[in-house]
Amino acid sequence: MKQVSAADPKFDGKVPHLLCAPGDVAPIVLLPGDPGRVAMFTGLCEDFHVIASNREYTVGTGSYQGVPVSVCSTGIGAPSTEIAVIELIELGAKALIRIGGCGVTRPEIACGDMVINTAAMRLGGASCFYAPPEYPAVAAFEVVECLIDACKARNAAYWKGISASTGSFFAGQGRPAAGREFAMPGRTSADYERLGILNMEMESETIMTLGSLYGVLAGSICAVHANRATDQWLCDFADAQRSMCQIALDAAVLLTQRYL
């Protein structure tokens, strides 16, 4: 069976899923799940333009305060995120920052606050093919530091801690699935809260694990869309997402100035 690579003439030097070539992607890449969120950066960056769009992957590049920045959607969950991360690393990415939404487990955290994950439970699935379960999913200190400083500079309420990063939106996060309960012991929001888990989402552990394995700075910031402890939900989270994206861009500038 023929091995397909980015050098294959069929792809004209581009990686096969993101459909980008070396030089298309900046050293720092922000990773939303939703491809529709990439367009938000047109109003936040200078000269921002979409380079490629294929399946769940939309990739755009521009600059912010003189710093080149790319944005690449990952789709939902670990398998599609794995593809995006590996191909971005092949294209030369040096730092990967997840920007998304999450549900939190602690009643004192308000919808619209920011959560910066320092580490994640490896419940996504894809990373188990790269490292044993004992291998930790840990955010790069450099990324965490810059995200915290960016939040402080904008007076944004933020929390930092460990995520339950799952490969399941329903049972894996303690939700009923089509009216039936399938959640296994240890997989409810109350179970996660007892472990000191701050939030639940679906992509961070994949990004962090692969970042550590490949020597790429990786981290995650999420806007709080729901509080599972109080059953409060943010029905319109556009403002929270925009604030989070602005913070991530500020952090990209700090990361460039301090570490890249």
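Where does Gln-65 lie? I looked this up before anything else. Gln-65 is in the loop that connects strand E3 (57–64) with strand E4 (67–72). I note here that the model is predicted.

**Entry on Gln-65.** I checked the backbone of this residue. Gln-65 is not a glycine, yet its phi is positive, at about 50 degrees. I then looked up the cover. Gln-65 has 55% relative accessibility, so it counts as exposed, the cut-off being over 50%.

**Entry on Asp-231.** I turned to another residue with a positive phi. Asp-231 has a phi of about 60 degrees and is not a glycine either. I found Asp-231 in the loop between strand E10 (217–227) and strand E11 (232–233). E10 and E11 form a hairpin with four residues between the strands. Asp-231 is exposed, with a relative accessible area of 55%.

**Entry on strand E10.** Is E10 mostly covered or mostly open? It is mostly covered, as eleven of its eleven residues are buried.

Which strands pair with E10? I list what I found:

- Strand E5 (residues 95–104) runs parallel to E10, and ten bridges join the two. On this side, Ala-95 stands opposite Leu-217 of E10.
- Strand E6 (residues 114–123) pairs with E10 in the antiparallel sense, over four bridges. Here Asn-117 has Ser-220 in E10 as its bridge partner.
- E11 runs antiparallel to E10, with two bridges between them. Asn-227 has its bridge partner, Gln-232, in E11.

**Entry on aromatic pairs.** How many aromatic pairs does the structure hold? I counted two. A pair of aromatic rings is described by the distance of the centres and the angle of the planes, so I noted both values for each pair.

The rings of Phe-41 and Phe-48 have centres 6.1 Å apart and planes at 35 degrees, so this pair is tilted. The label follows because planes under 30 degrees apart count as stacked and those over 60 as edge-to-face, with the rest tilted. Phe-41 is buried, at a relative accessible area of 0%. Phe-48 is buried as well, at 11%.

The other pair is Phe-169 with Phe-170. Their ring centres lie 5.0 Å apart and their planes stand at 85 degrees, so I wrote this pair down as edge-to-face.

I looked for what else is placed at Phe-169. The charged end of Arg-175 sits over the ring of Phe-169, 3.9 Å from its centre.

**Entry on a surface patch.** Which residues make the nonpolar surface patch of about 440 Å²? I found Phe-129, Tyr-130, Leu-213 and Tyr-214. Leu-213 is placed in helix H4 (residues 204–214). At 35% relative accessibility, Leu-213 counts as partly exposed.

Technical notes:
Residues numbered from 1 in each chain as written. Predicted model: local features only at pLDDT ≥ 70, side-chain atom pairs only at ≥ 80, totals over all residues. Heavy atoms only, no water. Phe/Tyr/Trp six-rings, centres within 6.5 Å; stacked < 30°, edge-to-face > 60°. Buried < 20%, exposed > 50% of the residue type's maximum accessible area, 1.4 Å probe, protein only. Lys NZ or Arg CZ within 6 Å of the ring centre and 35° of its normal. Patch = residues over 30% accessible without salt bridge, like charges linked within 9 Å, V, L, I, M, F, W, Y side chains within 5 Å. Areas by Shrake-Rupley, 256 points an atom, 1.4 Å probe, with all protein chains shown as cover. Salt bridge = Lys/Arg side-chain N within 4 Å of Asp/Glu carboxyl O. Pairing = 2+ DSSP bridges.
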